[in-house]
Amino acid sequence: MKIVPTLDGVRAIAATGKYNVLPVSCEIFSDFTTPIETMKILKNVSTHCYMLESAQANETWGRYTFLSFDPKLEITCIDGEMKAGNLRVRTDNPSDYLCQIPADYKSPRFDYLPSFTGGLVGYFSYDYLGYSEPAVRCSAEDTEDFKDVDLMLFDKVIAFDHLRQKIVLIVNMPLDDVEVGYNKAVIELKQLAELCRNGEKKNEPGGRFPLYRFKSRCDGHEKRDQNGPCLHRQGGKRKHGYTVRHRVRNFHTGAGKENGGYLRRRNRGLSHYKAA
């Protein structure tokens, strides 16, 4: 298992003083598993994990599938009450705090790695716009308990490269103590490889797609009967299927990337990125 960069290479990069963290990586063949099977393993070892599919313009299938688990930090904000780990603050502008996090995790870019090597994963709800544009704030009752922002900071990434039929394992190491950080990253890479190969999968019952029936239309919105919830937004209130935007922020610049830009989902909860 070849690990890159080497310790000497990391020392040279750290000496420039430009970066706070650095992605150490290795590759293994992916012929023994799939992203779905790997996700089952991750859900068995962590209650916080995600899977992201990549896509490029005019392509049916993306090259990469990104997975991770066990975030370093969870950040949430609702109605101005922001939590970041053990820190709790009242703020009218959560962006001031959020922008500081990628700045503290600046890392170099390597051509041999995918564009996403770690960072913030989660969502910003439409209500988040109200912090910068108070005029659009809605006083309607929140029936779904969506947070205004819900993000997790991941420093490990499992990237399936479907083009090369390989799995790229990535661990971000801090550069304050290069030798200690590098040795720890190497150990974590070996643990990731072992987890992918031999980890125990979580047993989950098969799901069923719910069948909804609607009995009438009113003002352009379907009304629900007793057999299922309405799937549209009505009266300014958030209902089942309320669409939120999910965004990935990379360690490199903190900006949305091609393989981790906005993804639209219709889902009641967060089961696709935060395991129950």
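Q: Where does Ser68 lie, and what does its side chain reach?
A: Ser68 lies in strand β3. Its side chain reaches the backbone oxygen of Lys156 at 2.4 Å.

Q: Which residues beyond four places in sequence are in contact with Ser68?
A: Leu42, His48, Cys49, Tyr50, Phe154, Lys156 and Val157 are in contact with Ser68. Contact here means heavy atoms within 4.5 Å.

Q: How do you know that Arg11 and Asp8 form a salt bridge?
A: Their side chains meet at 3.0 Å, N to O. The cut-off is 4 Å. The value of 3.0 Å is within 4 Å, so the pair qualifies.

Q: What does helix α1 have to do with the pair Arg11 and Asp8?
A: Helix α1 covers residues 7-15.

Q: Why are Arg11 and Asp8 put in two accessibility classes?
A: Arg11 has a relative accessible area of 38%. That lies between 20% and 50%, so Arg11 is partly exposed. Asp8 has 56%. Exposed means over 50%, so Asp8 is exposed.

Q: What makes Asp161 and Arg63 a salt bridge?
A: Their closest N and O atoms are 2.9 Å apart. The limit is 4 Å, so the pair passes.

Q: Why can this pair be said to link distant parts of the chain?
A: Asp161 is in strand β9, residues 156-161. Arg63 is in the loop between β2 (49-53) and β3 (64-69). The two are 98 residues apart.

Q: What makes Asp161 and Arg164 a salt bridge?
A: Their side chains meet at 3.5 Å, N to O. That is within 4 Å, so the pair counts. Arg164 has 34% relative accessibility and is partly exposed.

Q: Which residues are linked in the salt-bridge network, and how many salt bridges does the whole structure have?
A: The network links Glu27, Arg63, Asp161, Arg164 and Lys166. A search of the whole structure finds ten salt bridges.

Q: How do you know that the length of α5 agrees with its number of residues?
A: Helix α5 has 21 residues. At 1.5 Å a residue, it should span 30 Å. Its end C-alpha atoms are 30 Å apart, so the two values agree.

Q: Which residues of α5 are buried, and what do they pack against?
A: Among them are Val178, Tyr182, Leu189 and Cys196. The buried residues of α5 pack against α1, β1 (21-29), α2, β3, β9 and β10 (166-174).

Q: Which residues of α2 are buried, and what covers them?
A: Pro35, Thr38, Met39, Ile41, Leu42 and Lys43 are buried in this helix of residues 35-45. The cover includes β2, β3, β9 and α5 (178-198).

Q: Why is Val168 called buried?
A: Its relative accessible area is 2%. That is under 20%, so Val168 is buried. Val168 lies in strand β10.

Q: How far apart are Val168 and Leu113 in sequence and in space?
A: They are 55 residues apart in sequence. Their C-alpha atoms are 7.9 Å apart. Leu113 is also among the contacts of Val168, as are Ser25, Cys26 and Ile158.

Q: What is the confidence of the prediction?
A: The mean pLDDT is 79, and 74% of residues reach 70 or more. Over residues 214-248 the pLDDT is below 50. It also stays under 50 over residues 253-276.

Methods
Residues numbered from 1 in each chain as written. Predicted model: local features only at pLDDT ≥ 70, side-chain atom pairs only at ≥ 80, totals over all residues. Heavy atoms only, no water. Helix = DSSP H or I, 4+ residues; strand = E, 2+ residues; numbered from the N terminus. Buried < 20%, exposed > 50% of the residue type's maximum accessible area, 1.4 Å probe, protein only. pLDDT = per-residue confidence, 0-100. Polar contact = N/O pair within 3.5 Å; in protein donor to acceptor, adjacent residues only side chain to side chain. Expected span 1.5 Å × (residues − 1).
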